[in-house]
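Please consult the sequence and the structure below alongside the text.

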Amino acid sequence: MEAQLYYGGRGHPGIHARIFAVDNPATNEVIGNAVLADPDDVSLAVDAASQAFPQWSRSSFRDRSHVLLAIYQAITDHREELARLLTQEEGKSLAESDAEIRYGARFFEYYAAQVFQSYGHMIFPPMNSHTGWTAKVPVGVAVLITPWNYPFAMICRKMAPALAAGCTVVVKPAEQTPLIAWRFFSLLHTLALQPGVINLVTGDPEVVGPALIQDKRVRKISFTGSTAVGRRILSNAAKNITSVSLELGGNAPFIVFDDANIDDAIAGIMACKFRNAGQICVAANRIYVQRSIAPKVIRQLVKAATGLVVGNGMAPNTQIGPLINQDAIDKVITHLHDAEDKGAQVEIGGLRRPGPGYFFEPTIVTGVNEGMLLVREETFGPVAPLSVFDTEEDAFQTANNTPYGLSAYVYTTNLGRAMRASQLLEFGLIGINDPIPSRVEAPIGGWKESGLGREGGDQGIEEFLETKYVSMRF
Ligand code: NAD
């Protein structure tokens, strides 16, 4: 596939027509090329978005809603083809790719309805000579920067509320996954939207990122990615006081109490840890098991992980695809060596699979402690590190002892304990007996160094709106 940039309603090869290759992480074969945009390309994309803004921001709710529904339908009609490309470019299994495409589409369906919920307030001060009101207005040109791990859904989770709010957008996908973004844009092209409403730039993030962030016409940056890059974006956005939303890394605890349904908890760990080979911001990164049930949980987990089928995501029975690249493999190995040096035991796995592709075996590690990289940082791989705890108080304290605050999971059948978990855990997203709590209708976002703002639900659209207050004397 030869991807292009997209702005002003059509594809462009880039001013200097420079390209970079995109690999399939399961085979290491080149599957396409994308454009290395120049700062002047970025400026042209922002020109297009800012020229389109006045008309799009004044379009009727009904028109915007119809556009969003048309996008939902276009994705749904091409679901299978998009899922295949996603698997080839990112590596996840076809079943997971299909789930990601459907999840992405649903943001357009959901925000097609949310468009109509744009209510202001009337304000009546205690005097009879003034009245006032607030209105919610689109913030302006929005830049949407997305990661490689959910390269389709993360575009949708930002683009749908941005368009619903009346913003025009410039999307910048990750350099590992520009092809699915281009294929999506070429589908959107067939819908003949107003030129400049949606725009796409790809390339070297150190060139494209600063060019987007320093452009004064950009009034919103919505970023999903690592905490390290998010911190730099926030600091660079300070120059123009640009509004920033950040969906950053996590370090999710997964706590299993001795009153939990153990079969359910094992199924939860498998879903929460091994989906997308563990490359998920909300993946269980550290698993805490109450002492009396630890031997049983370890035994059952080792059995379940032994049965996982690792392979090319295009094969129908594959459950775990490759990691994204060599850096991802290196990070997993560094974390495992650090844990072993500090006394942890690898129960199963622990090795890279030989041959082409970045495959790593599903791995269970026990005897993990709080000094290990495995529990201090996001491992972003198929590694489940287990430690043991004694009391509820210890479990919640240890879980909160991290600079991250994206998601946390608790398995218990004790209602009081579930309620205490919901109150005491310092995370933006808490799954109680629920390993996959993300929903289109619910707000997702992190506390502390996991981010600022929310995506999804009715809060998702707020990130793209400004409040205007009007006072009138009479
Ligand atoms: P990353 O931070 O390396 O890259 C994310 C995006 O930022 C990419 O598009 C990249 O090209 C771009 N980027 C890099 N440098 C930039 C710069 N200087 N200026 C502007 N843009 C720049 O992250 P990644 O490796 O693609 O994704 C994995 C990370 O994303 C993990 O930490 C994961 O937890 C996080 N993530 C978070 C959520 C969430 O909802 N909180 C969802 C998915 C992924």
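In this predicted model, a polar side-chain atom of E247 lies 3.3 Å from an oxygen atom of the ligand.

| Residue | Polar atom | Distance to a ligand oxygen atom |
|---|---|---|
| R157 | side chain | 2.9 Å |
| G225 | backbone | 3.3 Å |
| E247 | side chain | 3.3 Å |

Residues are numbered from 1 along each chain as its sequence is written. Because the model is predicted, local features need pLDDT of at least 70 and side-chain atom pairs count only at pLDDT 80 or more, while totals for chains, interfaces and linings use all residues; side-chain values use heavy atoms, with hydrogens and water left out.

Around the ligand there are 28 residues, of which T146, W148, E175, S226 and E378 come nearest; a residue is near a molecule if one of its heavy atoms lies within 4 Å of it. The shell comprises 14 nonpolar, seven polar and seven charged residues. At least two shell residues are supplied by each of α5, α7 (205–213), β10 (218–224) and α8 (227–237).

Strand β10 also holds S222. S222 is buried, since its relative accessible area is 2%, where buried means under 20%. Its side chain makes a polar contact of 3.0 Å with the side chain of K158. Beyond residues up to four places away in sequence, S222 touches V143, L144, I145, K158, S245, E455 and F464, contact meaning heavy atoms within 4.5 Å.

L425 lies in the loop between α14 (415–424) and β19 (429–432). With 2% relative accessibility, L425 is likewise counted as buried. Leaving aside neighbours within four places in sequence, L425 is in contact with F396, A399, N400, A408, V410 and I430.

Helix α2 (residues 61–77) has 17 residues and spans 24 Å from its first C-alpha to its last, close to the expected 24 Å at 1.5 Å a residue. Its buried residues are R64, S65, V67, L68, I71, A74 and I75. Their cover includes α1 (39–57), α3 (79–90), α4 (94–114), α5 (153–165) and α6 (178–189).

Key. Helices (H or I, at least four residues) and strands (E, at least two) are DSSP runs, numbered from the N terminus. The expected span of a helix is 1.5 Å times one less than its number of residues. Buried means under 20% relative accessible area, exposed over 50%, partly exposed in between (1.4 Å probe, protein chains only). A polar contact is a pair of N or O atoms within 3.5 Å; within protein, one must be able to donate a hydrogen and the other to accept it, and residues adjacent in sequence count only if both atoms are side-chain atoms. Ala, Val, Leu, Ile, Met, Phe, Trp, Tyr, Cys and Pro count as nonpolar, Asp, Glu, Lys and Arg as charged, and the others, Gly among them, as polar.
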